[in-house]
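Welcome! Take a moment to look over the sequence and the 3D structure, and then we can walk through a few spots together.

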Amino acid sequence: MEELISIVLPVYNGEKYLRESIDSVRAQTYQNWELLIVDDCSTDHSAQIAKEYESKDNRIHYYRNEQNLRLPRNLNKGFSLAKGNYLTWTSDDNRFKPTALEKMYRTLKSSPNAQFVFASCRIIDGEGKEVEYIMVDEKKKKQIIGSNVVGACFMYTRKAYKEVGEYDPELTLVEDYDYWQRIYTKYNAAVIKEILYEYRWHDGALTSTMRKETFNKNLEKMLLKNRPLFGKIDGESNYYFYRGLYQCRKNLGQEKNPYQFKYKWYSMRFFFEHRVPGKIRRMIGKNK
């Protein structure tokens with residue numbers, strides 16, 4: 001029998017796209033799932049919509065918080081209620097492709113060393129029209145030390161959840177990226193190049209309304225906090241790490257950037273050690 005997959009769906013005033021999000025779960029080719037909708041004190045019709053689906057599908061469960069917890073704590077509540085051996089979460093404005101759960105589950109089952117998998121995504125606008133893509137591959141994994149390459153389509157095992165623990169409430173806006181780093185430094189990650197998710201970018205999305213200062217300060221804090229978890233790293237990883245820190249301060253508009261020297265140094269090394277040899281190989285290939 002197929003193992004249970006738990007999907008947490010945190011919602012806060014998400015009535016506009018909530019039906020699309022839930023319908024994308026119900027349309028999955030993998031049928032053994034539970035959907036835990038955790039309502040963070042919505043004031044719109046989100047509760048009514050969620051209860052409607054709960055009444056007609058016994059795999060769907062609705063919970064409402066007594067007070068607003070914000071995303072990290074809301075996720076923690078959802079996963080504390082989850083029963084599955086495989087875990088993921090989605091947003092009230094995003095959509096899974098029909099084979100998403102099946103392909104992520106099968107990938108983890110066929111990759112015994114991996115406890116975490118992520119896949120490529122399509123970015124859509126408020127009307128559902130294609131904007132761009134977040135494409136992933138094996139090479140991207142190394143960049144996770146300095147940039148969030150995971151995207152919005154992922155799954156991890158209960159084993160990883162038990163080891164890594166909860167999402168950090170102090171890292172609002174980067175709580176997911178922090179979690180991916182913490183998993184990645186303990187377990188191998190598998191990658192699916194195929195697009196299995198549609199991530200919606202619109203005016204009401206959390207990521208488009210987030211405060212720039214809070215995001216960049218929390219990102220810098222998180223990168224520095226997790227750096228020791230990676231242990232000894234090579235020049236390429238240092239390049240990705242300091243690029244991430246440098247961009248945090250740059251995005252804050254700070255003229256004196258404390259990471260500038262190391263970022264420039266590792267950028268130069270990266271150029272000569274990786275980009276130049278790559279160009280030479282391409283030139284040789286063309287001349288054959």
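Two residues are in contact when they have heavy atoms within 4.5 Å of each other. Keep that in mind as you explore, and remember that this is a predicted model. The points below are grouped by topic.

**A serine in a strand**
- Let's start with Ser6, which you will find in strand β1, residues 5–11.
- Is Ser6 buried or exposed? Ser6 is buried, because its relative accessibility is 0% and the cut-off for buried is under 20%.
- Leaving aside residues up to four places away in sequence, Ser6 touches Glu34, Leu36, Ala82, Lys83, Gly84, Tyr86, Leu87 and Thr88.
- With Glu34, the side chain of Ser6 also makes a polar contact of 2.5 Å.

**Two helices side by side**
- Helix α6 (residues 175–184) and helix α8 (residues 212–226) have axes that come within 10 Å and cross at roughly 10 degrees.
- Angles under 35 degrees count as roughly parallel, so α6 and α8 are roughly parallel to each other.
- On the α6 side, the contact is made by Tyr177, Asp178, Gln181 and Arg182; α8 brings in Leu219, Met222, Leu223, Lys225 and Asn226.
- Sorted by type, the residues of this contact are four nonpolar, two polar and three charged.

**Cysteines**
- How many disulfides does the structure hold? There are zero.
- For Cys153, the closest cysteine sulfur is in Cys121, 5.3 Å away, which is too far for a bond, because a disulfide needs the two sulfur atoms within 2.5 Å.
- Cys153 is buried, with a relative accessible area of 0%, and Cys248 is buried too, at 1%.

Conventions: Residues numbered from 1 in each chain as written. Predicted model: local features only at pLDDT ≥ 70, side-chain atom pairs only at ≥ 80, totals over all residues. Heavy atoms only, no water. Buried < 20%, exposed > 50% of the residue type's maximum accessible area, 1.4 Å probe, protein only. Helix = DSSP H or I, 4+ residues; strand = E, 2+ residues; numbered from the N terminus. Polar contact = N/O pair within 3.5 Å; in protein donor to acceptor, adjacent residues only side chain to side chain. Axes fitted to C-alpha atoms, helices over the stretch in contact; angles between N-to-C directions. Parallel < 35°, antiparallel > 145°, perpendicular 65-115°, else oblique. Nonpolar A, V, L, I, M, F, W, Y, C, P; charged D, E, K, R; others polar.
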